[in-house]
Amino acid sequence: MAAWPLWAVQRRVQRLLASRSRIWLHPFSTATQRTAGEDCSSEDPPDELGPSLAERALKLKAVKLEKEVQDLTLRYQRAVADCENIRKRTQRCVEDAKIFGIQSFCKDLVEVADILEKTTECISEETEPGDQKLTLEKVFRGLSLLEAKLKSVFAKHGLEKMAPIGDKYDPHEHELICHVPAGVGVQPGTVALVRQDGYKLHGRTIRLAQVEVAVESQRRL
């Protein structure tokens, strides 16, 4: 058998390589790529519908959660307001208890103040000559000091004596004893005379003032 020339061998090898390369590239041909693309495109719509439904579900859930948050926030604000009102009301009750807790004590001291005031008035009017006069003067000075001290204690604790003469009659502050004819410069319906002083504790009346109220005198025909 005669040997092939070198150029014939080279051509034979090139043909074999070319045929093999066509076989290897066949699976990746244009037709195959077109078919794969069509298959992918046919499956794309389900993939696109899936995220859309999930997104809608998430939006609905977000709206529901937002409404729940708003409702809880409103309830929280109402609860805070109620707690604040209760705190203020309780604080007011405690302050009133502190201020008016000694009301009965002050009311008893008012009687002592009346006695001291009446005593000093009597001693200053009924003085006699001699040693007795000096004694009465000392007693008067002592009682005056006691009265001044008692008034300072009253002022310290918020207890004050009313001065209703000339004021309009008020049943919440005055106890009517009788009516008297209105004198010159006295308006009818006002307090003309005080029989017993009234007292207030921090602005609240604890004893009514016994008063005589002026009325317009009736004209005789």
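Modeller: Let us begin with a definition: a residue is called buried under 20% relative accessible area, exposed over 50%, and partly exposed in between, using a 1.4 Å probe and protein chains only. This is a predicted model, in which local features need pLDDT of at least 70, side-chain atom pairs count only at pLDDT 80 or more, and totals for chains, interfaces and linings use all residues. Residues are numbered from 1 along each chain as its sequence is written, and side-chain values use heavy atoms, with hydrogens and water left out.

Biologist: In what order do the elements of the protein chain run from the N terminus on?

Modeller: Helices (H or I, at least four residues) and strands (E, at least two) are DSSP runs, numbered from the N terminus. By that rule the secondary structure of the protein chain comes to four helices and six strands. Read from the N terminus, the order is α-α-α-α-β-β-β-β-β-β.

Biologist: How far apart are the end C-alpha atoms of residues 55-89?

Modeller: An unreviewed UniProt entry annotates residues 55-89 as "coiled-coil region", and such annotations, given in the numbering used here with shortened feature names, may be inferred rather than shown by experiment. In the model this stretch is 100% helix and 0% strand, and the distance between its end C-alpha atoms is 51 Å.

Biologist: Is T119 buried, exposed or partly exposed?

Modeller: T119 is located in helix α3, which spans residues 103-125, and its C-alpha atom is separated by 7.7 Å from that of L143, 24 residues apart along the chain. Because its relative accessibility is 28%, T119 counts as partly exposed.

Biologist: With which side chain does the side chain of R207 make a polar contact?

Modeller: R207 belongs to strand β5, residues 204-207, and counts as buried because its relative accessibility is 10%. Leaving aside neighbours within four places in sequence, its contacts (heavy atoms within 4.5 Å) include V110, E111, M162 and Y199. A polar contact is a pair of N or O atoms within 3.5 Å, where within protein one must be able to donate a hydrogen and the other to accept it, and residues adjacent in sequence count only if both atoms are side-chain atoms. At 2.9 Å, the side chain that makes such a contact with R207 is that of D114.

Biologist: Which residue in β6 is the bridge partner of V194?

Modeller: Five of the seven residues of strand β6 (residues 209-215) are buried, so this strand is largely enclosed by the rest of the structure. Along β6, H174 stands opposite A209 and V191 stands opposite V213. For V194, the bridge partner is V211.

Biologist: How many disulfides does a search of the whole structure find?

Modeller: A disulfide is a pair of cysteine sulfur atoms within 2.5 Å. C93 is partly exposed at 48% relative accessible area, and C178 is partly exposed at 24%. Across the whole structure, the number of disulfides found is zero.

Note on methods. Pairing = 2+ DSSP bridges.
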